[in-house]
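Here are my notes on this one, as numbered points. Have the viewer open while you read.

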Amino acid sequence: MAIVGFILASCVTARKVNYMQEPDKHIPSYADTLSFEDYQLRIGDRIYVYVYSLDENIQKMYNAGGGANSAYMRQQMMNNSMYGSQELYTYLVDEEGNITFPTIGKIYVQGKTTREVKFKLEEELSKLLKELPGYNTISVEVHIVNRSFSIIGAQSGRYPINKEKMTIFEALAMAGDLGEFNSRKEIKLVREKNGVTTIKTFDARTKDIVNSEYYYIEPNDIIYIRQIPGYSFGINHVTTVIGVTAATISFGVFIYSIVQTGINHVNKYYPKTGNGGNQ
């Protein structure tokens with residue numbers, strides 16, 4: 001019975017792996033703390049800048065030569081799929097929090113959002129170029145190209161963030177979900193912000209997660225997934241439990257029959273007598 005109890009305790013049930021479950025005494029309920037803050041640039045980030053202008057010369061000056069090739073590179077950069085060329089076509093946020101932009105020089109961007117950098121570049125470029133003959137208003141588009149998150153413990157790897165907002169479910173889906181033997185109950189999220197590292201623990205099974213602070217992930221987040229108990233035993237279906245239990249009982253019956261046959265054999269050929277065993 002102890003073996004059967006261990007087997008049943010090791011089962012991977014639907015309750016352990018299903019998402020969007022109702023909160024109860026086993027599945028927590030999270031308060032409505034949903035918030036999303038635009039990412040603020042940090043030292044070491046790389047940004048891709050695209051300058052729009054009706055002046056073809058300005059297009060070529062700021063957009064790696066302009067033309068169809070520039071448009072292609074822009075799309076690839078937005079999709080984080082030109083890692084080998086990032087140093088050539090992107091701007092690094094240096095140790096002082098600056099980027100160095102052509103014809104402008106150093107611009108302080110640390111702690112700013114891409115929207116704030118966009119407005120700053122448009123302002124500086126307008127000051128610089130407005131004296132040119134036939135000057136037209138320009139527009140600037142800014143994207144971060146090295147945004148990613150990491151997963152360890154299950155489908156370990158580093159994955160790109162290729163959209164403005166990415167949810168925890170989208171992140172897990174990119175890693176191929178968690179499988180049957182990885183815990184959704186105690187997911188740990190390691191996050192660094194403003195030089196401070198925090199570790200948050202949450203249960204991804206509850207439907208309340210969509211309204212909580214854990215719903216959106218941020219660039220450079222590390223998601224840690226642990227295995228659930230019973231993984232090494234490899235039991236994940238009721239039919240498997242029944243099969244293992246039946247095999248255990250059958251083995252016990254087999255051993256018992258062997259022992260009993262031995263006892264009967266001894267009793268048959270070496271019978272006990274009433275005078276202490278002397279014939």
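1. Ile 258 sits in helix α8, residues 238-269 (helices are DSSP runs of H or I with at least four residues, strands are E runs of at least two, both numbered from the N terminus). Ile 258 counts as partly exposed because its relative accessibility is 45% (buried is under 20% relative accessible area, exposed over 50%, partly exposed in between, with a 1.4 Å probe and protein chains only).

2. Keep in mind that this is a predicted model, where local features need pLDDT of at least 70, side-chain atom pairs count only at pLDDT 80 or more, and totals for chains, interfaces and linings use all residues. Residues are numbered from 1 along each chain as its sequence is written, and side-chain values use heavy atoms, leaving out hydrogens and water.

3. Ile 258 also belongs to a nonpolar surface patch with Phe 251, Phe 254, Ile 255, Val 259 and Ile 263, together about 560 Å² of accessible area (Shrake-Rupley, 1.4 Å probe, only the protein chains shown counting as cover). Patch members have over 30% relative accessible area and no salt bridge, with nonpolar side chains joined within 5 Å and like charges within 9 Å; a salt bridge puts a Lys or Arg side-chain nitrogen within 4 Å of an Asp or Glu carboxyl oxygen.

4. On to α6: its buried residues are Val 117, Leu 121, Glu 122, Glu 124, Leu 125 and Leu 129. They pack against β1 (46-52), α3 (56-62), β3 (98-101), β4 (105-108) and β5 (139-144), where contact means heavy atoms within 4.5 Å.

5. Overall, the protein has 8 helices and 12 strands, and 36% of its 279 residues count as buried.
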